Amino acid sequence: MKTVKLGIVGFGFMGHCDADSLATFSDDEIKLVAVADTNPEQLKDAPEGVETYGSIEEMLEKADINTVMISTPNPSHLEMVEKSANAGKHIICEKPAAMNVEQFDKMLEVTKKNNVLFTVHQQRRWDKDYRIMKEVYDRKMVGDMYVIKSQLYGFNGNMHDWHVFPEMGGGMLYDWGVHLIDQILDMVDSKIDSIFADLRNVINEKVDDYFNILIKFKNGITAEIELGTYYLTPKRAWFIGGNKGSALIDGFAGEGKIVRTAHLLENVPGKITMTAAGPTRSFGTAAPGLLIDEPLPEVNVEQRDYFVHFIKAFNGEEEIIVRPEQVRRVLSVMEAVRKSAASGEAVKFE
């Protein structure tokens with residue numbers, strides 16, 4: 001097995017997170033050789049034994065690396081990809097890979113020309129809550145599905161650091177939206193019919209901090225993705241509705257259940273049943289024993305698995321798992337979201 005000898009460019013918050021994750025592997029699998037940052041302060045706590053450089057050019061010239069992980073601010077990703085690919089290095093880029101599809105196409109062109117691996121760090125495909133719901137979807141555990149909801153609400157509202165600057169790729173659509181959209185597109189095996197979105201600046205002046213995205217797939221499923229940073233009931237939640245049950249999760253740890261009915265209510269012609277919810281029985285209190293809870297499927301995943309798959313792809317044992325065409329589709333959806341939010345109309349997609 002060949003060793004992934006890696007250099008990180010951009011040693012800020014994500015660069016440090018990536019270094020911590022890489023430290024859980026043996027040096028025979030993947031070894032952090034060097035880090036580069038134009039700010040010397042960021043390099044002061046580089047891991048012991050790791051080389052430090054003041055620029056990507058210097059790292060590419062001097063460090064014995066075969067792969068570059070790009071953790072610089074979003075607008076610089078294209079430049080970093082071009083320099084790394086032209087130096088013959090394989091590339092893992094932090095998300096969002098590019099500010100738009102046009103930039104990403106330039107990345108595809110230069111990486112293909114230099115015949116290097118190119119992938120994006122969409123590590124939230126290995127979040128436990130997501131993988132449980134993907135298991136529910138793949139196994140059709142609630143029958144024929146019609147709706148999937150992915151919700152993320154926070155309470156702080158204000159963003160930090162460069163996230164408040166649109167020219168730096170700030171805002172929640174670039175930050176979390178790229179993960180939440182990627183999860184839905186990775187889960188639902190269907191082309192998209194249309195996208196409708198509401199994108200707002202609730203308490204942030206220049207960048208979006210709330211979005212609600214409706215994606216209608218051609219297989220009949222509608223996915224709703226909602227995020228709010230000033231939504232004072234903080235939670236991470238999922239719901240999948242099917243004709244044989246409902247699956248729900250509350251929390252990143254994946255706590256939740258599948259709910260089924262013991263039997264469907266029977267029609268009673270000519271008889272109206274009054275409930276607290278009105279002349280209906282579907283929205284009243286369920287009779288004892290009518291609703292049955294079942295456990296969600298077990299999964300055993302962690303975000304570190306992203307690198308496990310990269311090592312296999314690097315050694316030719318499997319295809320790269322976050323494929324460039326998938327990343328391009330996510331970026332295309334993000335552009336459709338902005339277009340729909342600006343026009344107030346649904347955007348036909350694929």
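Trainee: What makes strand 7 and strand 10 a pair?
Mentor: Two strands pair if DSSP finds at least two bridges between them. Strand 7 and strand 10 are joined by 7 bridges, so they pair by that definition. They run parallel.

Trainee: How do you know what counts as a strand or a helix?
Mentor: Both are DSSP runs, numbered from the N terminus: strands are E, at least two residues, and helices are H or I, at least four. This is a predicted model, where local features need pLDDT of at least 70, side-chain atom pairs count only at pLDDT 80 or more, and totals for chains, interfaces and linings use all residues. Residues are numbered from 1 along each chain as its sequence is written, and side-chain values use heavy atoms, without hydrogens and water.

Trainee: In which sense do strand 7 and strand 11 pair?
Mentor: Antiparallel, over 8 bridges. V147 stands opposite G241 in strand 11.

Trainee: Why is strand 7 called mostly covered?
Mentor: Buried means under 20% relative accessible area, exposed over 50%, partly exposed in between (1.4 Å probe, protein chains only). In strand 7, 7 of the 9 residues are buried.

Trainee: What do the buried residues of helix 5 pack against?
Mentor: Strand 7, helix 6, strand 11 and strand 12. Contact here means heavy atoms within 4.5 Å. The buried residues of helix 5 include Y130, I132 and M133.

Trainee: Why is L232 called exposed?
Mentor: Its relative accessible area is 56%, and exposed means over 50%, so L232 qualifies. L232 lies in the loop between strand 10 and strand 11.

Trainee: What makes the nonpolar surface patch?
Mentor: F155, V202, I203, Y230 and L232 make it, with about 520 Å². Patch residues have over 30% relative accessible area and no salt bridge; nonpolar side chains (Val, Leu, Ile, Met, Phe, Trp, Tyr) are joined within 5 Å, like charges within 9 Å. A salt bridge is a side-chain nitrogen of Lys or Arg within 4 Å of a carboxyl oxygen of Asp or Glu. Areas come from the Shrake-Rupley method with a 1.4 Å probe; for residues, only the protein chains shown count as cover.

Trainee: What is the strand order in the open sheet of 6 strands?
Mentor: The order is 3-2-1-4-5-6, with parallel pairing. Strand 3 and strand 6 each have a single partner strand, so they stand at the edges.

Trainee: How many bridges join strand 5 to strand 6?
Mentor: 3 bridges. I91 has F118 as its bridge partner in strand 6.
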